[in-house]
Amino acid sequence: MVLNQKPRKIFLIDDDETSNFVSKIIIQALDESIIVEVLNNGQEAIDHFSKTDDPPDLVLLDINMPFINGFEFLDYYADQNWNGRTKFAIYSTSSRESDKRKSMSYEQVIGYIEKPLNEAKLKDLLQKFSGQ
């Protein structure tokens, strides 16, 4: 993959274990140098972001999760004024236009991907990321 800039670390924040497993395989098959970490819900993500000095470059974030959903996480992220270099893509089964509009209203969100992830969707997202 030849891009001007590529993510070196991607987080998958999603409570769907199967989706995380498949997404991780797709990402690493496209570029094995990318580090992929999985967090199972928004609360785990908040805990991790609160403690790290090395945030991810890109996050695939599910909307519907237990404890703290994707939108609540993004609100918390913005309130904390954490490292602004992390970009987000909403990664959801929802095809509702209202979810897409709300997602794109967040400054850090660069895309909306409907599950399941595939190579074409990932390449499109990485192109958006490299254009940032």
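Does K115 count as buried or exposed, and at what relative accessibility? K115 counts as buried, because its relative accessibility is 18% (buried means under 20% relative accessible area, exposed over 50%, partly exposed in between, with a 1.4 Å probe and protein chains only). What you're looking at is a predicted model, where local features need pLDDT of at least 70, side-chain atom pairs count only at pLDDT 80 or more, and totals for chains, interfaces and linings use all residues. Residues are numbered from 1 along each chain as its sequence is written, and side-chain values use heavy atoms, with hydrogens and water left out.

**Around K115**
- You'll find K115 in the loop between β5 and α5 (119-130); helices (H or I, at least four residues) and strands (E, at least two) are DSSP runs, numbered from the N terminus.
- The side chains of K115 and D14 are joined by a polar contact of 2.6 Å (a pair of N or O atoms within 3.5 Å; within protein, one must be able to donate a hydrogen and the other to accept it, and residues adjacent in sequence count only if both atoms are side-chain atoms).
- Setting aside neighbours within four places in sequence, K115 is in contact with residues including D16, D62 and Y91 (contact means heavy atoms within 4.5 Å).

**The cores**
- The largest nonpolar core has 21 residues, and I13, F49, L61, F73 and F88 have the most contacts inside it (such a core is a set of buried Ala, Val, Leu, Ile, Met, Phe, Trp, Tyr and Cys residues joined through side-chain atoms within 4.5 Å).
- Elements giving two or more residues to this core include β1 (9-13), α2 (42-51) and α3 (70-80), and α3 gives the most, with four residues.
- There's also a second, separate core of 18 residues, which includes I34, I113, L122 and L125.

**Salt bridges**
- The structure holds twelve salt bridges (a side-chain nitrogen of Lys or Arg within 4 Å of a carboxyl oxygen of Asp or Glu).
- One of them pairs R85 with D54, with the closest N and O atoms 3.6 Å apart; R85 sits in the loop between α3 and β4 and D54 in the loop between α2 and β3, 31 residues apart.
- R85 also meets D57 in a salt bridge (2.2 Å, N to O).
- D57 counts as buried because its relative accessible area is 10%, while R85 is partly exposed at 34%.
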